[in-house]
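Please work through each task before reading its solution.

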Amino acid sequence: MTIDITEAISFDPEALEPINRLLAQLTDRRPLAADDLRRIVEDEATHLFLLRVDGAIVGMTTLAVYRTPSGTKAWIEDVVVDGSMRGKSLGRALLDHAMGYARRMSPATLMLTSRPSRAAANALYLAAGFEPKETNVYKIEL
């Protein structure tokens with residue numbers, strides 16, 4: 001099994017289908033359109049990491065890095081490994097890769113969120129050194 005994690009730095013239309021297959025395992029939101037993927041990979045603050053096993057995309061995560069007056073912040077989003085490939089430490093490999101990239105932005109605060117129902121993901125984040133943060137998260141759909 002050959003494992004490779006790379007950043008998507010240019011638009012690849014062949015990546016759209018496997019990315020949407022992964023997204024469907026994570027959320028019930030609409031599939032990603034080609035133009036959306038193009039904008040993600042062209043955004044300097046957004047880093048889409050694709051995990052391939054034997055050349056096939058089977059996992060992904062996104063790291064968004066931005067600067068504020070209170071310091072550099074980074075968010076890990078959309079950590080997902082295909083259901084058929086779980087239990088092989090691939091999620092940890094993706095997380096470590098994103099954390100290593102964010103570490104180069106130091107000092108930075110690295111954050112992520114995860115639904116409580118995603119027990120395995122939450123256990124992974126705790127094992128990787130993340131701690132629950134006492135805060136309220138608010139959202140509004142615009």
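**Exercise 1: a salt bridge and its surroundings**

D36 and R30 are joined through their side chains in a salt bridge, with N to O at 3.1 Å. The model is predicted: local features need pLDDT of at least 70, side-chain atom pairs count only at pLDDT 80 or more, and totals for chains, interfaces and linings use all residues. Residues are numbered from 1 along each chain as its sequence is written, and side-chain values use heavy atoms, with hydrogens and water left out.

Task: Classify D36 and R30 as buried or exposed.

Solution. Step 1: apply the cut-offs, in which buried means under 20% relative accessible area, exposed over 50%, and partly exposed in between (1.4 Å probe, protein chains only). Step 2: D36 has a relative accessible area of 18% and is therefore buried. Step 3: R30, at 60% relative accessibility, counts as exposed.

**Exercise 2: the other ion pairs**

Task: Determine how many salt bridges there are, and state which parts of the chain the pair R29 and E141 ties together.

Solution. Step 1: a salt bridge requires a side-chain nitrogen of Lys or Arg within 4 Å of a carboxyl oxygen of Asp or Glu. Step 2: the count by this rule is five. Step 3: one of them joins the side chains of R29 and E141 at 2.8 Å, N to O. Since R29 belongs to the loop between α1 (13-26) and α2 (34-42) and E141 to the segment after α4, this pair ties together parts that are 112 residues apart in sequence. Helices (H or I, at least four residues) and strands (E, at least two) are DSSP runs, numbered from the N terminus. Step 4: R29 is exposed at 54% relative accessibility, and E141 is exposed at 53%. Step 5: R29, K139 and E141 form a linked network of salt bridges. Step 6: R92 and D96 form another salt bridge, with the closest N and O atoms 2.9 Å apart. These two residues are four apart in helix α3, so about one helical turn separates them.

**Exercise 3: the largest pocket**

Task: State what volume the largest pocket has and which residues lie closest to its centre.

Solution. Step 1: on a 1 Å grid over the protein atoms alone, a pocket is an open set of points where a 1.4 Å probe fits, with protein on both sides within 12 Å along at least five of seven lines; lining residues have an atom within 4 Å of a point. Grid points are joined across faces, edges and corners, and a volume is the space filled by probe spheres set on the points. Step 2: the volume is about 1,200 Å³. Step 3: of its 31 lining residues, L26, T27, R29, E77 and D78 are the closest to the centre. Step 4: β4 gives the most to this lining, with five residues.
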